[in-house]
Amino acid sequence: MANYTRIGTAALRQIPFDFKGNVSRILTAIERGLDAHINILLMPELALTGYGCEDNFSYQEFNQAAEAALNDVLAGYQALAHEREHADNMLIAMGMPVMFPGGQVYNTTAFISADGLHGFACKQYLARNGLHYEPRWFEAWPRGRVVNHPTFNVPFGDVVVNAGGLRIGVETCEDAWVANRPGRDLYHRNVDVLLNPSASHFAVGKNFIREQFIKEGSRAFGVVYAYANLAGTENGTSIFDGGSLIASEGKIVSRGDRFNVRDVVMNQTLVNVSANRVSRVISSETIDIDDTNVVDIELSLTLPNDAVLAARSNDRVDSAKDELPVFWDSLSGDDYAFTEICYALGNGLWDWTTRTHTDGYVVSLSGGADSALVAASVYVSHFVALEQLGVHDYLATLPKGLAAKIDAIAPGEDKIAWLKEKAMPKVLLCLYQGTDNSSETTFNAAKYLAEEIGATFHSWNIEPVVQQYHSLVNGLYPDRPLSWKTDDIAMQNIQARSRSPGVWMLANRENKLLIATSNLSESALGYATMDGDTSGVISVIAGINKTTIRKVNRWLEEVGLPLSVDGKSARHQLKEMHRVNVQQPTAELRPEEQTDEADLMPYVVCDFIMDCYLARQMWPKSILVELMLNGFDKDHDMRQLAAYVERWFRLFCRNPWKRYGTRAGFHIEQVSLDPKTFHRFPLLNNGFSEQLQQMWDYVEEVEG
Ligand SMILES: Nc1ncnc2c1ncn2[C@@H]1O[C@H](COP(=O)(O)OP(=O)(O)OC[C@H]2O[C@@H]([n+]3cccc(C(=O)O)c3)[C@H](O)[C@@H]2O)[C@@H](O)[C@H]1O
Ligand SMILES: Nc1ncnc2c1ncn2[C@@H]1O[C@H](COP(=O)(O)OP(=O)(O)OP(=O)(O)O)[C@@H](O)[C@H]1O
Ligand SMILES: NC(=O)CC[C@H](N)C(=O)O
C-alpha cells in the first residue's frame, strides 16, 4: 500500500535578536501548516534566531534567550494544536543554536510535535568558505554519535526520527554541499525523507546548484528531499532568497517563491514515499542496515492511498501554499540571471528601508551606468514589493514617517501610475551635480531616467565649489598653480569629493539613506575617489562587475523586468535606460574626453582577470594563459594582455585600503571583494612583483 505524506516548508524573514518577532513568524507558519494538514513542516537553518547573529552565537545570554524562544514556540504550538483536531499529525523541524553547559554551541534542527520536543539533529559540516565563518561560533558534530542533552533531556546529535514507520534524517545546508554528505550514511539508515534546513545566501546561479544536489539526493538516496531557506537581508549584506524546493523520485516537484518580501512564504506538496523507496529496493548497492540512534515518535505522518484522495480534496490545503509567480518557469540564461539580480537588489533595498525606519534614499545620479542601476534598483524594490504585497500592505510595511508622506491611491487609479506619481517622489531623491566637464548627454540621461522611475530630480552645479578649492590650494602655492598637466589626479578627485558633502546634506535633511555607487570592477582597481564617490551608507552594486551592470541596464531597457499580472507573465521595461546605455563609461572628471576603459583596460578583460583571480584562485602567469585560451588574443596581442594583467595586479595591490574604507555592499556574484567577509588581503604587500616577473619571463619565452 502506498504511503503519502504532505511536506511543507516555510521561508521566514527572520531578524537577528528579534526573538519575539522570530517566534511570531514561526507560529504563523505552524498555524498555516496545521490548517493545511501538513505532516512534516520544515523551517530554515537557525530559523529561531536568524543566521546573521555572528559573534553573539557564542554568548551565553544569547543562547538562554534562544532557549526561552524555543519554549515560546512549544507553548504557542500547543495552544494552536489544542484548537484543531489534526494537530497530532504534524512534525516540525526547526533550525536553532543549542549550547551545552560547557559552552560548546551547535547548529541544530529541533524536532517538535504538539507533544513537545523530541530531539536535535546537528550540522556536521560547518560552512567556512566565502562569507561563512561558522566554525568561529559552532562546533561540528561527529558522524554517528548521539548523546542526551543535559538541559533538554532529549537525544542530541546524529539522530534519525522514526514517526510511525516513516524515517526522517537531516542534512543542514552545507552538509549537502560537501562530497561526503550525511545523506550517504542516512541511506544505510533507511530514511524516507531528508530534510535540509538552510541559510543559503543569494548569489547569481546558485539556485541551480541547490536544485542539482536536491534532485540527486532524492534520486540516489531514494528519499523525498525537502529544502527550506531563510529570506531577507538579515545582516544587511547577504540576501537570502527563500525558494523552497521539494524533490521526489529524483525530480523537483514543488518550488516556493523566491525574493518575496512577505514575512512567511509557504510551500507544500503531497508526495509518495513508497515510490521513492523503490530506488533503494532496486539499487545495485547492498544496504548495510544501521539501526542505531533512532528516535521513535508516536506520530502518524503518512496517509494510505485510500485516504489520500479525500485529503487532496480538502479545501483548506492551499492555504499553506504561496504560488511561485509564473514567470520564473519561462526564464533561462542571462534573462534568469538578470531577473535574479534585480529582485535581489530590490529585496536588499526594501529591507534597508523597512528595518532602518528611514524615509527612502538619495542617489547622486550622473547619467552613467552605475548610478543609473542604483536608482533603478530603488524603483524595482518598491515596484516588486507593491506587486507582492498590494497597496495596503505595501504602505503598512513602509516606515510610518515615509508612508505618511505618500498620498493615498484614488479609487480606480492604476497601481503603477500611483507608485510613480505619488510614492516614488517621496522614496527617492536623485541629484545631478555638474561641473565644467559634465555634458548635456549625461544630464539628460539622469533627468529622463529619474522621471521614468518617478524619483524627485534636482540638479546643481558644483563648479564654484571646485574653483573655491583651486583658489585655496593656489593660494598656498603661488609659484605652482594647479594645472591638468601636473595635477591630473588631484584635479579629478576634488570634483568627486566636492559632490559628497552636498548630497550627504540632503540625505541628513530628508532622513534618507545615501547610496554609494561603486561596483565590483572599480573596487578591485581602486578606480574611485576615496571619500568622494565612495560616500554612502550601503553600496548597492558593490557585488556586481561592470560588464554585468552594463548588460543588466541594456536588459532593463530592451527586455524588462518580469512580473506576474493576473497569472500571466509580463515585462516592465525602463526605456529611458537607452540614454545611459548608448554611452561609454566615463568619469567626466577631465576637460578632454575620458573613458574608464582608456584609463584602465577594457572592462571585459578586467572582469575576466578578476574572475580568474577571485573565483578560480589563479596568479598572473596562469591568468595570462587563460586569457589567451579564451580568445582575448584575437583583439589584443600577448604583450598587451600581459600589460593588462600587470596593471590589474598593481592597482589591486595598491588599493586594498580603499576596499576596507568603502561601504559594505550586497553580495550578488559568486565572489566578492568585501575585505571583512569574503576576500581577505594584506593592506601592505609587494604587489605580486615576483609573480608578475614570472609572467613577463614567460612572455619573452613565447614571443622571443
Ligand atoms: N602605493 C600606494 N599605496 C597605498 N596608498 C597610496 C599609494 N599611493 C598613493 N596612495 C594614497 O592614495 C591616495 C589616492 O587615492 P584617491 O585620492 O582615492 O585617488 P586615486 O586612487 O589616486 O585616483 C582616483 C582614481 O579614480 C578615478 N575615478 C574617480 C572618481 C570617479 C571615477 C569613475 O569611475 O567615474 C573614477 C579617477 O579617474 C582616478 O583614476 C593618495 O593621496 C595616497 O594617500
Ligand atoms: N554629474 C554628476 N552628477 C551626480 N553625480 C555624479 C556625477 N558624476 C559622477 N557622479 C557620482 O559619482 C559616481 C561615480 O562616477 P562613475 O563615473 O564611476 O559612475 P557612473 O557615472 O554612474 O557610471 P559610468 O562609470 O558608467 O559612467 C556616480 O555613480 C555618481 O554617483
Ligand atoms: N549556511 C550554510 O551552510 C551555507 C553554505 C552553503 N554552501 C550555501 O551557501 O548555501
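Modeller: A residue is called buried here if 20 or more other C-beta atoms lie within 10 Å of its own. Please keep in mind that this is a predicted model.

Colleague: Which residues does UniProt list for "active site", and what is the largest C-alpha distance?

Modeller: The unreviewed UniProt entry lists Glu 45, Lys 123 and Cys 173 under that heading. Although these residues are spread over 129 residues of sequence, they cluster in space, and the largest C-alpha distance is 9.6 Å.

Colleague: Is Lys 123 buried or exposed?

Modeller: Lys 123 is found in the loop between β5 (116-122) and β6 (146-148), and, leaving out residues up to four places away in sequence, it touches Asn 107, Trp 141, Thr 172 and Asp 175. Because Lys 123 has 26 C-beta neighbours inside 10 Å, and the cut-off is 20 or more, it counts as buried.

Colleague: How do the residues of the shell around ligand 3 divide?

Modeller: The residues that surround ligand 3 include Glu 45 and Cys 173, both of which UniProt lists for "active site", and also His 132, Trp 177 and His 201. By class, the shell around ligand 3 divides into four nonpolar, four polar and two charged residues.

Methods:
Residues are numbered from 1 along each chain as its sequence is written. Chains are lettered from A and ligands numbered from 1 in the order in which they are written. This is a predicted model: local features need pLDDT of at least 70, side-chain atom pairs count only at pLDDT 80 or more; totals for chains, interfaces and linings use all residues. A residue is near a molecule or strand if its C-beta atom, placed from the backbone, lies within 6 Å of it. Ala, Val, Leu, Ile, Met, Phe, Trp, Tyr, Cys and Pro count as nonpolar, Asp, Glu, Lys and Arg as charged, and the others, Gly among them, as polar. UniProt positions are given in the numbering used here, feature names are shortened, and annotations may be inferred rather than shown by experiment. Helices (H or I, at least four residues) and strands (E, at least two) are DSSP runs, numbered from the N terminus. A residue is buried if 20 or more other C-beta atoms lie within 10 Å of its own, exposed if 12 or fewer, and partly exposed in between; C-beta atoms are placed from the backbone. Two residues are in contact if their C-beta atoms, placed from the backbone, lie within 7 Å.
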